[in-house]
Amino acid sequence: MSEASTLSAADAVELAVVVRSGFIESRHIGAAVLTNPDASPRTELGDAHQPVFPRSALKLFQAQTALALGANLTDEQTAIACGSHPGSPAHVARVRELLHASGLDDRALACPAAWPRDRASRDALVRAGEPSASVYMECSGKHAAMLAACVAQGWPTEGYLSADHPVQLAVRDTIERMTRERPSAVGVDGCGAPVFAVSLVGLAAAASRLATASSASPFPLFKAAASVWRSVCSNGWLIDGHGRPNALVIAELGVLAKSGAEGVLLLAAPDGSAVAVKMLDGSSRGTTLVGLQLLVAAGAVDVARVQHLLPRLGLEVMGGGSLVGEVMVGSGVPTSL
């Protein structure tokens, strides 16, 4: 019996290469799609119609669901719900504020216990003799928003991660309405929440619809989409941590950026042009470069501003303490950077 899967190597193209001392050391293959502001596909690299697990890129739509269900979140709380945060005190404080506003505390979180990804924050906890905890897990903001939605709807908070819990059924409905696709598979994400397989074409189209949604929409789902866009773009540091690629792209370019595990990236420009990328080997080191290249090619972002940002995205290859190469777009990506 064959197993459900994402695209094969035969369906992929070369998206990025790693060059060391003039020698191509590694090649990253995968697929990507660029959509027009109306959510129609404009450019497809590889087979972008095959399913992928978007992983944390789905947080945008999970937070959108929570808002549409009546969770009363501030802009910062909405942003942390969309974030894969590093567990710093500032990030954790926003998660706890979100929980407390719904009459809950850390004990309601069902995501796994974790140490902060931020080294200074982790070291401080160790020195203080504190244990790892669910609130430090990078997905705790998303979980807090799901719990807030449960409270708003009068649903039980226990078992909120079950695929048949009302909040997860609502998330699935949001994904279907935003992507215009039915998920081809359902899995369990690293944080324990359901993750739904959709195509890159559908994922990018959903991001386009998110970016062009109006806060004056009479439909709660699209009014919530506009809130997600505003909140994320005004609080990029809550998405990924200060100086991290997603946060930099948001702050410097005004482009919504959200990475997902296993080499997934979702970008949406203010005009509604959007990009979804999947690196087949699960690596994320070239995803931002590829995604920005496609937005530049579409004229959705200014090439000079992108070129100014690139040196801060960790694309350099070092040797003996000196710069000896870089991560570059691959042969399958039309280049103008």
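This is a predicted model: local features need pLDDT of at least 70, side-chain atom pairs count only at pLDDT 80 or more; totals for chains, interfaces and linings use all residues.
**Stop 1: helix H5**

Select residues 140-153, which form helix H5. The helix has 14 residues and spans 20 Å from its first C-alpha to its last, close to the 20 Å expected at 1.5 Å a residue. Colour the selection by accessibility: 11 of the 14 residues are buried, so H5 is mostly covered. The buried set is Ser 140, Gly 141, Lys 142, His 143, Ala 144, Ala 145, Met 146, Leu 147, Ala 148, Ala 149 and Cys 150. To see what the buried residues pack against, show helix H1 (59-68), helix H2 (75-82), helix H3 (89-101) and helix H6 (166-179). Then step past the end of H5 to Gly 154, where phi is positive, near 75 degrees.

**Stop 2: His 143**

Stay in helix H5 and pick His 143. Is this residue buried or exposed? His 143 has a relative accessible area of 0%, and because buried means under 20%, it counts as buried. Leave out neighbours within four places in sequence, and the contacts of His 143 are Leu 109, Ala 110, Cys 111, Tyr 160, Leu 161 and Cys 191.

**Stop 3: helix H6**

Move to H6, one of the helices that the buried residues of H5 pack against. H6 has 14 residues and reaches 20 Å between its first and last C-alpha, close to the 20 Å expected at 1.5 Å a residue. Its buried residues are Val 167, Gln 168, Ala 170, Val 171, Thr 174, Ile 175, Glu 176, Met 178 and Thr 179. The elements covering them include H1, H5, strand S6 (194-199), H7 and helix H8 (220-234). After H6 comes Arg 180, with a positive phi near 60 degrees.

**Stop 4: the pair H1 and H2**

Hide the rest and keep H1 and H2. Their axes come within 8 Å and cross at roughly 140 degrees. That angle makes H1 oblique to H2. On the H1 side, the contact is made by Lys 59, Leu 60, Ala 63 and Leu 67. On the H2 side, show Thr 78, Ala 81 and Cys 82. By type, the residues of this contact divide into five nonpolar, one polar and one charged.

**Stop 5: the nonpolar core**

In soluble globular proteins, nonpolar side chains tend to be buried together. Here the largest nonpolar core has 112 residues. Which residues have the most contacts inside this core? Select Leu 60, Phe 61, Leu 267 and Leu 295. The element that gives the most to the core is helix H7 (residues 200-211), with eight residues.

Now centre on Leu 295. Not counting residues up to four places away in sequence, Leu 295 touches Leu 34, Val 255, Leu 267, Ala 269, Ser 273, Ala 274, Val 275, Ala 300 and Val 301.

**Stop 6: two loop residues**

Go to the loop between strand S1 (13-20) and strand S2 (23-35) and pick Ser 21. Its phi is near 55 degrees, a positive value in a residue other than glycine. Ser 21 is exposed, with a relative accessible area of 57%.

Next, find the loop between strand S7 (256-260) and strand S8 (264-268), and select Glu 262. Phi of Glu 262 is near 60 degrees, again positive in a residue other than glycine. Glu 262 is partly exposed, with a relative accessible area of 45%.

Technical notes
Residues are numbered from 1 along each chain as its sequence is written. Side-chain values use heavy atoms; hydrogens and water are left out. Helices (H or I, at least four residues) and strands (E, at least two) are DSSP runs, numbered from the N terminus. The expected span of a helix is 1.5 Å times one less than its number of residues. Buried means under 20% relative accessible area, exposed over 50%, partly exposed in between (1.4 Å probe, protein chains only). Contact means heavy atoms within 4.5 Å. Axes are lines fitted to C-alpha atoms, for helices over the stretch in contact, and angles run from 0 to 180 degrees between N-to-C directions. Angles under 35 degrees count as roughly parallel, over 145 as roughly antiparallel, 65 to 115 as roughly perpendicular and the rest as oblique. Ala, Val, Leu, Ile, Met, Phe, Trp, Tyr, Cys and Pro count as nonpolar, Asp, Glu, Lys and Arg as charged, and the others, Gly among them, as polar. A nonpolar core is a set of buried Ala, Val, Leu, Ile, Met, Phe, Trp, Tyr and Cys residues joined through side-chain atoms within 4.5 Å.
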